[in-house]
Amino acid sequence: MLSGGHGEENPNSSWHSSRGAWLSYLAGLLALHLFLLSIPMISIPTAWTLTNVIHNMANYLFLHQIKGTPWELSDQGKARLMTAWEQIDYGQQFTTTRKFITIIPIVLFILTSFYTKYDFNHFAVNLATLLLVLIPKLPQFHMVRLFGINKY
Amino acid sequence: MASQWNVYESFQALLQAGPYHLAFEGVLILCIIWLFTAKKKPSKLIRLTKKEEEELIAEWMPEPLVPNPPDEDHPALNTRTVYGKVGRYIDLGKGEKVLNLGTHSYLNLGDRPEVEESALECLHQYGVGSCGPRGFYGTTQVHLELEDRIAAFFNCEMSVLYSYGFSTIASAIPAYSKNGDIIFADEMVNFPIQRGLQASRSRIVYFRHNDVEHLEELLKQQVELDKRDPKKANATRKFMVVESIYMNTGMICPLPDLVKLRKKYKLRLFIDESISFGTLGENCRGITDYFNIPMDEVDMIMGTLEATAASTGGFCVGTKFVIDHQRLSGLGYCFSASLPPMLAASVIKVIDILETEGPALVQELHDKCRQLHVALSTLPDKVNVSGDDISPVKHLRLTESTGNRCQDEVLLQRIVDKAEDLGVAITLAAYLWDKEANPPPPSIRITANKDLTKEEISKTFKVLEKSINEVLTKPESKYEVLTKPESKNEVFGKPESTKLD
């Protein structure tokens, strides 16, 4: 489809900002966690770490790995090499949406640490995945492809 | 089994947690605070004081509505007027009708009564306009039938119909090629293609006119570049855009070689068949027919219906997978009102004619093109003719340029005017010189049609010979043009001034 009907040049820049999207995000996260908790074999600390890891992996995949838009834009492919995170609010930094999406993995990490009783193994796994999603979100890393990873 | 968990134990763990862990969490909490307090990056707006604003407003000088208005004697402001229908002979308002060698109606199908009748019949059913773009109440049965007929004519899966020939080509190219892609194009491609290339924002690589070796050289260079950055190469699409018969030179493109390169270097090949639709090949299906190349060797064929088809609009044909994309991405298709149904109906009739009589018509046209080519080749040495002998479009160029494009054009225009007085209407090839990517040298463009008789061809030859000799042999007449360019009659060779002897 051609964008423009929403008055947006690139719909990918704005849909993350809607409160409905925020609510769906939180609801999805909660549903994932409750689902993991409901599996009998998984202990509570493992369920928390799994929630954290799955969340961060999905976050990385959808915000920092996949590039372009599902919409065909009139910008002739300018968004083709931009990740979804970079397209939010047309690249403006420190907007409310960006803050919200950055804070979620941090809070999730702190909660996970608490519920895993500060166990070192859990900490290492959670830290690694946290950095995976936190570093690309930093303003300094906007449009930066570290070591050329995921450049094209 | 999930182990029991209670808050007390967790708090105990918190107290016993390693310092590294608490330190890191501290950093994270600082992070959150930082995020909460950080302000949006201020936009780069500059705040001006009232005084500065007023200064800027006072400084501002509006540009003229029409920048650089042309002189009153600019040729574009003094165009010729045709009275009545544009046929083989046209009335330019000077009493006698003159032979028309400037219109692109190679098979003269516009003169056929049955074509006109089919348009009138459709007019009574659908009225004049279609009242909307194709996707918005502008599609009628006639459009769908015409698309099917064109696809069947080219032996392709699907075709798409545009309402204007120029925008067909200028929309079809950027529908596929985007920012970051590469297009290899012949340096002499016509203006619609150039506009399409420009709108695609791709990297354009021009190869020398019809020079397959140069193209291969450029492709090899690209392969070297690709090897250096294979990931980028994977994300880059490569296109090749050529014309079957070049509007700017009249040459036929070496399609068999191009098709080999397409396969070897994995290019997507688009061909503009504006001139060759209906004029090349055994069954008049264009260049693929002429070289006997199967349609699946070409990714898309574009063309206008404004030449042989004697209508308006354009079409693209190819596989369904390729063509269907344009129904949402071809800007000229989406945002223009569709072709008036009656014009589409006349094209259906034209395709009927091409399917039944096509082979004979093409044969006849080729004969006439060859005869005209021979006649033009024997003109005085001061001009030369470019183009293949079977091409219906020929260009006459000055053998020795004066070294200045404007002066060349003035001389050629005087030949054209002289020829018109003697009964043959021809035209200068018109270009937007500052917009052309590779401006071709100025030329007189002559088009052949299948109904030219031997007498008409010899008359054309005589008239051209006389005009050329008169305009080009007199060194002083050339001089006068150079020294007095401000006089309208001198520059553009009105009858009085061409009488210099």
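In what order do the elements of chain A run from the N terminus on? They go α-α-α-α-α.

## Ground rules

This is a predicted model, where local features need pLDDT of at least 70 and side-chain atom pairs count only at pLDDT 80 or more, while totals for chains, interfaces and linings use all residues. Residues are numbered from 1 along each chain as its sequence is written, with chains lettered from A and ligands numbered from 1 in the order in which they are written.

## Chain A

Chain A has five helices and zero strands; here helices (H or I, at least four residues) and strands (E, at least two) are DSSP runs, numbered from the N terminus. Its C-alpha trace spans about 50 × 35 × 25 Å along the principal axes.

The unreviewed UniProt entry annotates residues 20–39, 100–116 and 122–139 of chain A as "transmembrane region". UniProt positions are given in the numbering used here, feature names are shortened, and annotations may be inferred rather than shown by experiment. Residues 100–116 of chain A are 94% helix and 0% strand, with end C-alpha atoms 24 Å apart. For residues 122–139 of chain A, the figures are 72% helix, 0% strand and 28 Å between the end C-alpha atoms.

## Chain B

Chain B comes to 20 helices and 14 strands. Its radius of gyration is 31 Å, well over the 23 Å that the globule rule gives for 501 residues, so chain B is more spread out than a compact globule. That radius is taken over C-alpha atoms, and the rule is 2.2 Å times the number of residues to the power 0.38. The C-alpha atoms of chain B fill a box of roughly 110 × 65 × 55 Å along the principal axes, and 40% of the 501 residues are buried.

Chain B also has a "transmembrane region" annotation in an unreviewed UniProt entry, at residues 20–38. That span of chain B is 95% helix and 0% strand, and its end C-alpha atoms lie 26 Å apart. Further along, B:Glu59 sits in helix α3 (residues 50–59) of chain B. B:Glu59 is exposed, with 7 other C-beta atoms within 10 Å.

## The nonpolar core

The largest nonpolar core has 112 residues, and B:Phe184, B:Val241 and B:Cys316 have the most contacts inside it. Such a core is a set of buried Ala, Val, Leu, Ile, Met, Phe, Trp, Tyr and Cys residues joined through C-beta atoms within 7 Å. Helix α15 (residues 341–377) of chain B gives the largest share of this core, 15 residues. Not counting residues up to four places away in sequence, B:Phe184 touches several residues, including B:Val205, B:Phe239 and B:Leu267.

## Where the chains meet

At the interface, 29 residues of chain A are in contact with 29 residues of chain B. Helix α4 (residues 96–115) of chain A gives the most to chain A's side, with nine residues.

Conventions: Two residues are in contact if their C-beta atoms, placed from the backbone, lie within 7 Å. A residue is buried if 20 or more other C-beta atoms lie within 10 Å of its own, exposed if 12 or fewer, and partly exposed in between; C-beta atoms are placed from the backbone.
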